There are 2 protein chains.
Amino acid sequence: MPDRIIATYRVALTTGDSLEKKAQAIALGQTVGAWTPVPSANPATWERHRGEVVDATSLDEGAAGVVRIAFPVANCEGDLPTILTMTFGKVSLDGRIKLVDLDLPTTLLTQFPGPKFGIEGLRERLGQPAQSALGLGHRGKLAGQPDQPLTMAIFKPCLGLTPPQLGEMFYQLGSGGLDLVKDDEILPDVPDTPTLQRLEACLKAAERIKRETHRTVLYAVNLTGRPQQLRQRALTFQSLGATCFLFNVLAYGWAVFQELTADPAIQVPFLAHPALAGGLCGAPDYGMSYVLVLGKLMRLAGADIVLYPAHYGTFPFPAEEECGIRDALRAPATPLKRAWPGPSVGIHPGMVPQLLADYGNDVVINAGGGIHGHPDGPAAGARAMVQAVELALRGQRFAAGLPTGFPELEKAIATWGVC
Amino acid sequence: MPDRIIATYRVALTTGDSLEKKAQAIALGQTVGAWTPVPSANPATWERHRGEVVDATSLDEGAAGVVRIAFPVANCEGDLPTILTMTFGKVSLDGRIKLVDLDLPTTLLTQFPGPKFGIEGLRERLGQPAQSALGLGHRGKLAGQPDQPLTMAIFKPCLGLTPPQLGEMFYQLGSGGLDLVKDDEILPDVPDTPTLQRLEACLKAAERIKRETHRTVLYAVNLTGRPQQLRQRALTFQSLGATCFLFNVLAYGWAVFQELTADPAIQVPFLAHPALAGGLCGAPDYGMSYVLVLGKLMRLAGADIVLYPAHYGTFPFPAEEECGIRDALRAPATPLKRAWPGPSVGIHPGMVPQLLADYGNDVVINAGGGIHGHPDGPAAGARAMVQAVELALRGQRFAAGLPTGFPELEKAIATWGVC
């Protein structure tokens, strides 16, 4: 049996539709296009390219169904553009159909880069476990624990500030104890805040934090530009000391992303942003599942960290999608390294115990307003977040009140409550 | 007033939602992120980057609304990845919201390539009006008419045939009178049918048609590969005589597509396929509109011809979306050349009078099964399609019966009827 890709679809049916016929139409329409070899075709070649229905299961009393189709790997070029065109290109236009999952055979998986650093590699870059304390006293008690969760802040606001202002903000956030600070995804390379200048300003701030506290804080700088420039920009930023790249994967396309992540000359982790994913994944009956796009495909294509809305947060995001993304990013049984889940949007310190209960320690806790909106400012917000992690790791639940010595966290909880 | 991009959204509201608040949240959330400048921000800079609500109109008794937001051009890099991230990146994840339209100022429009050939340029390539007869006798009567519609066939099947078999199919279709023959979008560069070999086979067939009938038939060969290879492959194919490129734009991304179309070294027209568009545009409350994606953005990014499902056809496609795409591709009042609409999927000769009534003559009539499924085979199917165009241009409606001398069209109508 040749290698095959199994695509899983959810199809909505209307009265009179036959699920089995629909399944056959996908299997043949997306491959050889006909039920039997045309007279001119070689039957063996035709057979080699034919799609096949694996199974079709009726749902919702016949109003929908789940269909699995096996596609020969021989029909694609082993890259996401041809895999997606093969499995979902034209059929995406045929009414209410959603591509829920893609299962790639190991021979094909190994042709994808996957994360270059992944969970373990990024911890090494951050100096864990040696640097596990984050130098903040509280966290010192956990020194040596090798698998601490990571904390990240987003620059807020981003547009409208100068590079020195962002450098100063980086210093406040990073010296507050965070592991990463990221650009807002809507801050590209604009004259008021050129990427190169903010990179220099933030790397300088990171050096200062390193000198003062011996801690490494990564800066996820937004990598933008025309496809042919991206590699050179990445290499230039790397030569200046860039420590992480933020990338709007869906805006630039899988193929462009994968060329960057697979490039052996680029030794900088990638943080994938979910920008535009709602348009592709939000609808129940159309598009592709969040788990596939933000989980499986992001990891395949080489994201080290993937951001997505947490269901605790301010965006309406289903808990099961969140769990699915988390599991797809971290599942051990693949030849690809494991990637960091980054639940986001509306995260604040009071949510940390629940987040760690749901995620364990292999998680990047990412906050914007939940740090910047702290009554005493972003530095206090960063300290509150780090204190929350420290206490949660000790097993403390926040609802019952906090031990003394965590004033910033107390204020954060007074502001936003607990989850 | 600085240059601004106007984005139009359709938002669904639930009880208690305020349309005005939603609009403000988009305008600020996708730009400066806050209602007032943060203390550290320069008010002038902040103002320069702030989004603004143009208007917000309630629909469906308050169950939905249309919102227009003005985004400063200064917030993006003038390319589609940053424009789409700015207007729809994160907000796409915030519930039921659809990006319906983007209006770019002329200063920005002129930074996009648009079609290199467009409607007039492609006619020149095909030798119209000098070659207007298509050399088929019937069509000879229309010689000199400068604006004939174009006809195109898709290779069916595609996977499973060898390059010589496809070359022979090309000859049959092309000598039947068609203007273009295209690869199926699911046929990439695979060992059974390498792109280079089928290009050579089809160009040879095109030369033979040219020798025999003095007619030019273009071959839209599927351009695939890794982003860094695509330019070189396009140039190699061009040096071999390639006459048209089929490109799965959404699978590779706008940015990759635009780099190809804008490249002055590539002087070959691009045929954009709508693969994957259903996943992005099909849902009523999510994603982006078909008109924006397959109409406006395809033309901006440089498509000379755009395929999409016709509402007459076998896919459930709304007529108003089809009209919107057609108009966006051909609208005269922009600095960009006009592109060819290519209504597709389930097209057969009996639909031609209606198609020409709806489209006029600036249209590519594209058929797969409606040519290959002809009882007397693909060559007869091609002749039937050309006869249909010939008669429709003479003002003939098909329902009342045909004049004598159109036997292939008669059989096609007996098989599929009229529209």
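Two strands are said to pair if DSSP finds at least two bridges between them. Helices (H or I, at least four residues) and strands (E, at least two) are themselves DSSP runs, numbered from the N terminus. In chain A, strand 8 (residues 244-247) and strand 9 (residues 270-272) pair in the parallel sense over three bridges. Within this pair, Phe245(A) has Phe270(A) of strand 9 as its bridge partner.

The structure is a predicted model, in which local features need pLDDT of at least 70, side-chain atom pairs count only at pLDDT 80 or more, and totals for chains, interfaces and linings use all residues. Residues are numbered from 1 along each chain as its sequence is written, while chains are lettered from A and ligands numbered from 1 in the order in which they are written.

Two residues are in contact if their C-beta atoms, placed from the backbone, lie within 7 Å.

Strand 5 (residues 150-154) and strand 6 (residues 180-182) of chain B pair in the parallel sense over three bridges, and Lys182(B) in strand 6 is the bridge partner of Ile154(B).

Antiparallel pairing is found among other strands of chain B. Nine bridges join strand 1 (residues 4-12) to strand 3 (residues 64-72) of chain B, and these strands run antiparallel. Seven bridges join strand 2 (residues 52-59) of chain B to strand 3 of chain B, again antiparallel. In strand 3 of chain B, Ala64(B) is the bridge partner of Ala12(B), and Arg68(B) is that of Asp55(B). Strands 2 and 3 of chain B form a hairpin with four residues between them, and Asp60(B) in the turn has a positive phi of about 50°.

In chain A, Asp60(A) likewise has a positive phi of about 50° although it is not a glycine, and Asp60(A) is placed in the loop between strand 2 and strand 3 of chain A. A residue is buried if 20 or more other C-beta atoms, placed from the backbone, lie within 10 Å of its own, exposed if 12 or fewer, and partly exposed in between. Asp60(A) counts as exposed because it has 9 C-beta neighbours inside 10 Å. Leu276(A), in the loop between strand 9 and helix 11 of chain A, has a positive phi of about 80° although it is not a glycine. Leu276(A) is buried, with 28 other C-beta atoms within 10 Å.

Helix 1 (residues 19-29) of chain A has the buried residues Lys22(A), Ala23(A), Ile26(A) and Ala27(A). They cover an arc of only 135° around the axis, which puts them on the same side of helix 1 of chain A; the arc is that of the directions from the helix axis to the C-beta atoms. Strand 1 (4-12), strand 2 (52-59) and strand 3 (64-72) of chain A are included in what covers these buried residues.

Finally, the two chains may be considered together. A rotation of 180° with 0.0 Å of shift along its axis superposes chain A on chain B (RMSD 0.0 Å), which is the relation of a two-fold axis. The superposition is by least squares on the C-alpha atoms of residues with pLDDT of at least 70 in both copies. The contact takes 68 residues from chain A and 68 residues from chain B. On the side of chain A that touches chain B, helix 3 of chain A gives the largest share, seven residues.
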